[in-house]
Amino acid sequence: MEEVIDIVVDFEDYFPSMMEKYGAEWLLAEVCNGFRLLMDAEKGVITFESLKIKSAMLGLGDMEDDEIVCMLSEGDLDGDGALNQLEFCILMFRLSPGLA
């Protein structure tokens, strides 16, 4: 019989403390750096393929395809199936409850 392990992961939102310590401009620049890290260099947006490849490089290779699609659709405001830099920044700040 397979043993099921229930793991609870607490999410700690570091954005507010980082903004307090380094300022809003620094935090926005870091979010933009994150976008550039995940984007497809040729297309200039985060695509399914770029997110799948880059997430594996970052140690998140166990993400299922439907999880990647869900992440993209969460931030895809214009419905093109990819995230541009503005959509990514909006998503990152929207996901930070401490910045509301």
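User: What makes helix H4 stand apart from helix H1 in confidence?

Analyst: In this predicted model, confidence in the protein is highest in helix H4 (residues 65–75), at a mean of 93, and lowest in helix H1 (residues 15–22), at 82. The score is pLDDT, the predictor's confidence in each residue, from 0 to 100. Helices here are DSSP runs of H or I with at least four residues, strands are runs of E with at least two, and both are numbered from the N terminus. For the protein, the mean pLDDT is 85, and 86% of residues reach 70 or more. Where pLDDT is low, the predicted coordinates should not be read in detail.

User: Which limits apply to the values?

Analyst: Local features need pLDDT of at least 70 and side-chain atom pairs count only at 80 or more, while totals for chains, interfaces and linings use all residues. Residues are numbered from 1 along each chain as its sequence is written, and side-chain values use heavy atoms, leaving out hydrogens and water.

User: Why is Cys32 called buried?

Analyst: Buried means under 20% relative accessible area, exposed over 50%, and partly exposed in between (1.4 Å probe, protein chains only). Cys32 has 12% relative accessibility, so Cys32 counts as buried. Cys70, at 44%, therefore counts as partly exposed.

User: How do you know whether Cys32 is in a disulfide or in none?

Analyst: A disulfide is a pair of cysteine sulfur atoms within 2.5 Å. A search of the whole structure finds 0 disulfides. For Cys32, the nearest cysteine sulfur belongs to Cys89 and is 3.9 Å away, and Cys32 is in no disulfide.

User: Why are the buried residues of H3 placed on the same side?

Analyst: In helix H3 (residues 48–57), the buried residues are Ser50, Leu51 and Ser55. They cover an arc of only 120° around the axis, so they are on the same side of H3. The arc is taken from the directions between the helix axis and the C-beta atoms. Ile53 and Met57, on the other side of H3, are exposed. The buried residues pack against helix H2 (24–38) and H4, where contact means heavy atoms within 4.5 Å.

User: What makes a group of residues a nonpolar core?

Analyst: The set must consist of buried Ala, Val, Leu, Ile, Met, Phe, Trp, Tyr and Cys residues joined through side-chain atoms within 4.5 Å. The largest such core has 16 residues, and those with the most contacts inside it are Ile46, Leu51, Leu72, Leu83 and Phe88. H2 gives the most to this core, with 5 residues.
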